[in-house]
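Please open the model in a viewer and keep the selection tool at hand.

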Amino acid sequence: MPSPITVKPADALRGEITVPGDKSISHRAVMFGAMAEGLTRISGFLSGADCLATVDCFRRLGVSVDMDERSGSVLVHGLGMRGFAPDRDPVRLYTGNSGTTTRIISGILAPQPFISELSGDDSVNSRPMKRIIEPLTQMGSRIESLKGNGCAPLRITGSALHGITYRSPVASAQVKSAILCAGLYAEGATCVIEPALSRDHTERMLSAFGADVTSELTAEGWAAGIRPCSRLDGQDIHVPGDISSAAYFLTAGAIVPGSEILLRGVGCNPTRAGILTALGDMGAEITPVSFGNGPEPEADLLVRTASLHGTVIGGNMIPTLIDELPVLAVAAAYAAGTTVIRDAAELKVKETNRIDTVTENLRAMGADVTPTEDGLVIRGGKPLHGARIRTYGDHRIAMAFAVAALAAEGETVIDNRACVDVSYPGFFDELTRITE
Ligand code: S3P
């Protein structure tokens with residue numbers, strides 16, 4: 001039985017927070033480090049359950065990974081693109097709650113000379129995998145959904161691949177990354193065209209590891225191209241703070257009266273930073289106070305309480321804030337007027353159907369919300385009251401509604417405190433630390 005946690009209303013939130021490392025970048029640093037020759041040194045690695053699942057998978061493939069979970073220092077002793085030595089064949093890999101691990105690793109396993117079986121928890125095993133099975137199959141890969149339902153468990157029989165041009169129906173960095181990774185091993189060039197630009201960490205990082213990667217806006221959409229290569233070289237990777245984790249404090253700082261929070265070292269890659277625009281459009285006061293300039297831009301962000309108003313969130317902006325929509329919905333419930341979230345049908349295939357889980361929990365707290373086919377309409381400004389929150393094990397629902405609880409009347413009980421460990425171990429301790 002998961003243990004619940006009670007969150008009380010806060011008078012104000014004040015202090016400094018260094019959010020944990022970016023989840024997407026941490027996964028990729030281990031994956032590409034494993035495929036590279038020599039050592040990859042990672043600083044700021046997120047030791048959350050999802051990224052630890054990635055580490056575990058690569059260990060099973062024979063890669064040695066030294067990890068200091070407290071400091072976030074990780075050493076990946078790469079085996080080279082063709083050097084994996086699985087502990088058995090078929091090798092069984094468990095990806096836990098991590099859709100990112102499941103999808104991207106499939107692109108890396110497809111060209112290997114062994115059989116892999118991938119499965120995750122109930123949530124991962126119910127998420128759509130056809131979106132990677134189809135393009136990888138077009139490239140020549142043999143990948144099978146073992147239950148025939150287009151979901152994991154997957155069985156991947158390594159085979160020779162050829163490059164393709166794939167027009168992805170969804171803007172998904174996981175799909176794009178799986179195809180680009182497979183493209184490294186294919187004969188001929190590979191190109192993924194997506195309807196809107198999804199996060200581009202794979203393009204940036206693979207290029208740093210020595211791959212020939214391009215990214216451009218074409219008449220058909222955003223096109224990411226990759227050429228096959230025979231070796232990647234280990235790198236030093238600094239992982240910035242995760243803006244998806246910062247999102248909870250950016251929102252809490254905006255809605256809880258009298259708050260001022262400084263968030264240190266937050267990754268602000270433009271393909272991820274849509275929350276800054278959306279909260280800004282709602283009237284939030286967020287000031288970048290210093291910038292760091294690596295391959296992944298980062299900044300310290302200062303947030304102060306402001307009175308928020310409704311906005312429209314949709315179109316090309318959606319992939320840049322897809323994981324932040326639950327907490328943006330909470331911001332909308334505290335904002336005056338109506339907020340429309342649209343073009344976000346992808347919410348239905350996240351760790352939970354987040355259109356449903358956000359609606360259910362906002363309603364439980366007394367908000368006026370209508371779910372739509374591709375988003376939510378929230379008529380904000382009504383006072384919210386404490387409630388029992390059903391997370392269904394979804395880390396982002398737990399954290400979004402902890403934020404909602406801070407500005408509500410009365411206590412809120414979140415039914416599962418541990419699920420936040422997927423992306424933000426220590427979240428509730430940090431919240432308590434800055435609560436006055
Ligand atoms: C991720 C991509 C996004 C995001 C997920 C992490 C990644 O998923 O929601 O949390 O690291 O590539 P999609 O690719 O399905 O949009």
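**First stop: a residue in helix H11**

Select Ile 397, which lies in helix H11 (residues 395-406); helices here are DSSP runs of H or I with at least four residues, strands are E runs of at least two, and both are numbered from the N terminus. This is a predicted model, in which local features need pLDDT of at least 70 and side-chain atom pairs count only at pLDDT 80 or more, while totals for chains, interfaces and linings use all residues. Residues are numbered from 1 along each chain as its sequence is written, and side-chain values use heavy atoms, without hydrogens and water.

Is Ile 397 buried or exposed? Ile 397 is buried, because its relative accessibility is 0% (buried means under 20% relative accessible area, exposed over 50%, partly exposed in between, with a 1.4 Å probe and protein chains only). Beyond neighbours within four places in sequence, the contacts of Ile 397 include Pro 326, Thr 352, Val 358 and Arg 390 (contact means heavy atoms within 4.5 Å).

**Second stop: helix H12**

Next, select helix H12 (residues 427-434), whose buried residues are Phe 427, Phe 428, Glu 430, Leu 431 and Ile 434. They lie on the same side of H12 because they cover an arc of only 160 degrees around the axis, taken from the directions from the helix axis to the C-beta atoms. Asp 429 and Thr 432 are exposed on the face turned away from that buried side. Now display what covers the buried residues, including H11, helix H7 (243-255) and strand S15 (260-267).

The structure has zero disulfides (pairs of cysteine sulfur atoms within 2.5 Å). The closest cysteine sulfur to that of Cys 268 is in Cys 51, at 19 Å, too far for a bond. For Cys 419, the closest is also in Cys 51, at 16 Å, too far for a bond.
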